[in-house]
Amino acid sequence: MPVVLVAEELSPAGLEVLSGDFELRHVDGADRSALLPALADVDAVIVRSATKIDAEALAAAGQLKVVARAGIGLDNVDVAAATQRGVMVVNAPTSNIVSAAEHAIALLLAVARRVPAANQSLRGGEWKRSKYTGVELVEKTLGVVGLGRIGVLVAQRLAGFGMKVLAFDPYVSVARAAQLGVTLVDLDELLRRSDAITIHLPKTPETLGLIGADELARTKRGVIIVNAARGGLVDESALADAVSSGQVGGAGIDVFVTEPTTSSPLFGLDNVVVTPHLGASTQEAQDKAGLAVARSVRLALQGEFVPDAVNVQAGGVVAEDVRPGLPLAEKLGQLFTGLAGGVAASITVDVRGEIAAHDVSVLQLAALKGVFSDVVEEQVTYVNAPLLAKERGVDVALETAEESGDYRNLVTLRGVLADGTPVSVSGTLIGSRQVEKITAIDGFEVDIRPENHLAFFRYSDRPGIVGAVGALLGEASINIASAQVSRLQVGGEALMSLSLDDAVAPDILADIAKIIGASYARAVSIRAD
């Protein structure tokens, strides 16, 4: 009978899913001296946030097949080390979306009605009604930055308060927004028109510091800012200055750049409500998480496909020849989104070569997972990626052919943007080491690795451009790891592809594009789970 080690508290419903077919053992996962020997002969371990499953713990678990985190974050699990050892990692990516949305709304209401400060004052023996006069939400304008699942829940609930809802999300179609009763605008308009702004984005190089001093200066005076998504999306120091000056009327903050933290320039301001990352801290969210991971553990130990696996390539049922292509397909999806810069009306995943003889539908899931990984706040998995595409009105198709011209196997993502612009990226695995290569972008042949930081420029082919771009990046202290230029004909349009040591800030990218007269400039950061 397979052994499941429960290292932290799990809901009764979760334990019930596992009882009968598995031997359940319990240990205090925070006690390292007890955890390591307890891992020796178990098939799965279930943790929350207090148990650290690192390389040492994995080495102590000789027959471990699954690590399950009953929650969303995976900071306490070394996913790379688990993948290297062939251990599947699963979590519960959608368990807290309602709780997170409700907490954002709670922060907004607390700030709008000055509840915490008034509570503290009254408990201190003061009765000062006029000092804590608040504002109503009805007929005010709400700005939602990021219209993923949590953003949608917040928009729907606050529309019930009589608020007019604006949203900024370049990856949501106008039709989808209209279905939700939300008006899509650009970020600048949202900042100018909103009485309250709530942020629901993933943390990426592009979104880090998205709301800084310049953006806050463009907001309506007295605006309320809420961030219950990720620390760093709002510049804490800039926000503190804006609150102190009265430009921002108040803020509700649940997440911070450094966590845990007991020090922030925001903590001394009366009209700022802060909480210690409580977005997922409800009994219901914890119960949902426990039930979800218990089901995933059961599927994994029974050899079935696990939709919520973070590193699904470590699991079974996917054909051995297909499995190495999963990380590549996901990176192609990330690259596609970065190049598109907006919502696609349609996406086709085209798989050619020997692997097309197998069931490659999982490659389509991996590609969609990559497409949406930097688009929505919640974690994207193999089970919710198709739902995210459907919610955004994206038509998705899979095409296969066992013949492939220049490569043994080739995966291509082709799409059309809402304005009719085509986007395509292709990639393959080279040699016995299965080295990932990008082979084509929008019809231009390339030969680059899907590294962390990439930049692309399209321009009229002429001398001096490569040197000019290199000089401009050098001035910004950004080192070029590799560069290549592709062109369809001499003097025609050219594509410059750069692999860089650091991400290119949007303002630097725009400056380079302007100086060289590029018709197209994109910076893309590729992440590997």
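This is a predicted model: local features need pLDDT of at least 70, side-chain atom pairs count only at pLDDT 80 or more; totals for chains, interfaces and linings use all residues.
**Stop 1: the six-stranded sheet**

Start by selecting strands β13 to β18, whose order across the sheet is β14-β13-β15-β16-β17-β18. The sheet is open, and its pairing is mixed. Strands of a sheet pair through backbone hydrogen bonds, either parallel or antiparallel.

**Stop 2: β13 and β15**

Select residues 344-353 for β13 and residues 409-417 for β15. The two strands are antiparallel and are paired over nine bridges. To find one place where they face each other, pick Gly 353, which stands opposite Asn 409 in β15.

**Stop 3**

Select residues 422-430, which make up β16. Is this strand enclosed by the rest of the structure or open? Seven of its nine residues are buried, so β16 is largely enclosed by the rest of the structure.

On one side, β16 runs antiparallel to β15, and six bridges join the two. Arg 414 stands opposite Ser 424 in β16. Four residues lie between β15 and β16 in this hairpin. Select Gly 420 in the turn, where phi is positive at about 95 degrees.

Next, move to β17. It is joined to β16 by six bridges, and the two strands run antiparallel. Val 425 stands opposite Ile 441 in β17. These strands form a hairpin as well, with four residues between them. Gly 431 in this turn has a positive phi of about 75 degrees.

**Stop 4: Ser 426**

Stay on β16 and select Ser 426. Does Ser 426 count as buried or exposed? Its relative accessibility is 10%, and buried means under 20%, so Ser 426 counts as buried. Show its surroundings, leaving out residues up to four places away in sequence: Ser 426 touches Leu 332, Leu 410, Val 411, Thr 412, Lys 437, Ile 438, Thr 439 and Ala 440.

**Stop 5: helices α16 and α17**

Two packed helices are described by the angle between their axes and the distance between the axes. Select residues 465-475 for α16 and residues 506-516 for α17. Their axes come within 10 Å and cross at roughly 150 degrees. An angle over 145 degrees counts as roughly antiparallel, which is why α16 is described that way relative to α17. The crossing is right-handed.

To see the contact, show Ile 465, Ala 468, Val 469, Leu 472 and Leu 473 of α16 together with Ile 512, Ile 515 and Ile 516 of α17. By class, this contact has eight nonpolar residues, with no polar and no charged ones.

Keep Ile 515 of α17 selected. At 55% relative accessibility, Ile 515 counts as exposed. Draw a distance to Ile 465, which is 50 residues away along the chain; the C-alpha atoms are separated by 9.6 Å.

**Stop 6: helices α5 and α7**

Select residues 97-112 for α5 and residues 149-159 for α7. The axes of these helices come within 9 Å and cross at roughly 50 degrees. That angle makes α5 oblique to α7. The crossing is right-handed.

From α5, the contact includes Ala 100, Ala 101, Ala 104 and Leu 108. From α7, show Arg 149, Ile 150, Leu 153, Val 154, Arg 157 and Leu 158. The residues of this contact divide into eleven nonpolar, no polar and two charged.

**Stop 7: Gln 247**

Finish in the loop between α11 (236-245) and β11 (248-253), where Gln 247 is found. Gln 247 is buried, with a relative accessible area of 15%. Beyond its neighbours within four places in sequence, its contacts include Leu 216, Thr 219, Arg 221, Val 223 and Ala 242.

Terms used
Residues are numbered from 1 along each chain as its sequence is written. Side-chain values use heavy atoms; hydrogens and water are left out. Buried means under 20% relative accessible area, exposed over 50%, partly exposed in between (1.4 Å probe, protein chains only). Contact means heavy atoms within 4.5 Å. Axes are lines fitted to C-alpha atoms, for helices over the stretch in contact, and angles run from 0 to 180 degrees between N-to-C directions. Angles under 35 degrees count as roughly parallel, over 145 as roughly antiparallel, 65 to 115 as roughly perpendicular and the rest as oblique. A crossing is left-handed if the near helix is turned anticlockwise from the far one by less than a right angle, and right-handed if clockwise. Ala, Val, Leu, Ile, Met, Phe, Trp, Tyr, Cys and Pro count as nonpolar, Asp, Glu, Lys and Arg as charged, and the others, Gly among them, as polar. Two strands pair if DSSP finds at least two bridges between them.
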